[in-house]
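Reader: Please take me through this model. I want each term set against its cut-off.

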Amino acid sequence: MSILVIGAVGQIGTELTAALREKYGGNNVVASTRKTAFPDEILRGGPCEYFDVLDKEKMKQVVKRHGVETIYQLASLLSATGEKNPDLAFDINLIGLKNTLDIARECGVKKVFWPSSIAAFGPTTPRENTPQRTVLEPTTMYGVTKVAGELLCQYYFLKYGLDVRSVRYPGLISHKAEPGGGTTDYAVAIFYDAIMHGKYTCFVGPNTVLPMMYMPDAIRGTMQLMDAPAEKISVRTSYNLAAISFSAQELAEEVAKLVPGFVCHYQPDHRQKIADSWPKSIDDSQARKDWGWRHEYDLKRMCKDMVENLKKKLKK
Ligand code: AKB
């Protein structure tokens, strides 16, 4: 069995690659990235490849050479970076996905995972307890690629029988790889600045509430979805996936309990508008019913774990 993780150096990829190698053995999990250097841990842990998701031929060679049966296609530009470069976001997020799905079909790959996001929703979506099936009218290019990508995943399943699975991740919080260019990045940056400087200037207002999830839950949920029997998967676009929702101020208050003297200031910038277009909380009952999803970390437990681990990492 061979697994390919595309985007293995990103926020999700770094931890997912490690978890998959732990479960299936290092040599069975190929890590790939476009140009960022692999961290030592990934480089030493198993096979590594460099290719761009827009280079279909190179990707195909890698899939064939390693006899890949499962692909996790995580290469993506996030919401804020996507607004700076919408053309590149379209290409990487959508053409990259289409290339992956085509290669999967052509090379007999059995399963594909692709991440969608709460960014698939928009200002016209109900914001509280957002249903699985609802209005999808996002106003960012990132969101546009997520909606189109979800439909593409479903299309390849219906038309070609390709077993593509997906979740709509909320904002992800981790002490390992940092996020790059997302609207929910403040929920990670606050921990670094609290520990290093005792203060943080948050780029969304104190009352901004968004759905979030601690990375160990996200990794466990992703692997659980991919392990579920195909007949349990009733959603072939992308599953709503939720854990915790909190305001920026609630997060700051929790951090202050763990980092005495910490103060948070608020200076909303262009990302506020993106945050305001997304739901506050998500109804993920379909994922819970179909394949047994449940989160383990609440706000308090997540903050404690983040602060403990970051203090070690930052030697504080
Ligand atoms: C972002 O903020 O762009 C991402 C996401 C919610 O998909 N973290």
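Reader: What makes the chain agree with a compact globule?

Author: The radius of gyration is taken over C-alpha atoms, and the globule rule is 2.2 Å times the number of residues to the power 0.38. For 316 residues a compact globule would come near 20 Å; the chain has 19 Å, so the value agrees. Along the principal axes, the C-alpha atoms fill a box of roughly 55 × 45 × 35 Å.

Reader: What kind of model is it, and how are residues numbered?

Author: This is a predicted model: local features need pLDDT of at least 70, side-chain atom pairs count only at pLDDT 80 or more, and totals for chains, interfaces and linings use all residues. Residues are numbered from 1 along each chain as its sequence is written, and side-chain values use heavy atoms, with hydrogens and water left out.

Reader: How many helices and strands does the chain have?

Author: The chain has 12 helices and 12 strands. Both are DSSP runs numbered from the N terminus: helices are H or I with at least four residues, strands are E with at least two.

Reader: Which strands form the parallel sheet, and in what order?

Author: The order is β3-β2-β1-β4-β5-β6-β10, seven strands in an open sheet with parallel pairing. Strands pair if DSSP finds at least two bridges between them. β3 (48-50) and β10 (239-240) each have a single partner strand, so they stand at the edges, with one side of each left without a neighbour in the sheet.

Reader: How do you know that β6 and β10 pair?

Author: Two bridges join β6 (residues 163-169) to β10, and the rule asks for at least two. The two strands run parallel. R168 stands opposite N240 in β10.

Reader: What makes α8 a helix that packs on this sheet?

Author: Contact means heavy atoms within 4.5 Å. Helix α8 (residues 215-227) touches β4, β5 (111-117), β6 and β10. Its direction makes about 155° with that of β6. Axes are lines fitted to C-alpha atoms, for helices over the stretch in contact, and angles run from 0 to 180 degrees between N-to-C directions.

Reader: Which residues does A19 contact beyond its neighbours within four places in sequence?

Author: A19 lies in helix α1. A19 is in contact with I219 and M223. A19 and M223 are 204 residues apart in sequence, yet 8.9 Å apart in space, C-alpha to C-alpha.

Reader: Why are β7 and β11 called edge strands of the other sheet?

Author: That open sheet runs β7-β9-β11, with mixed pairing. β7 (171-173) and β11 (244-247) each have a single partner strand, so one side of each is left without a neighbour in the sheet. β9 (residues 209-214) and β11 pair in the antiparallel sense over four bridges. P211 stands opposite S245 in β11. Helix α7 (residues 186-197) packs on this sheet, touching β7 and β9. α8 also touches β7 and β9.

Reader: Which residues surround the ligand?

Author: L78, S79, S117, I118, Y142, G182, T183, T184 and W278 do. A residue is near a molecule if one of its heavy atoms lies within 4 Å of it.
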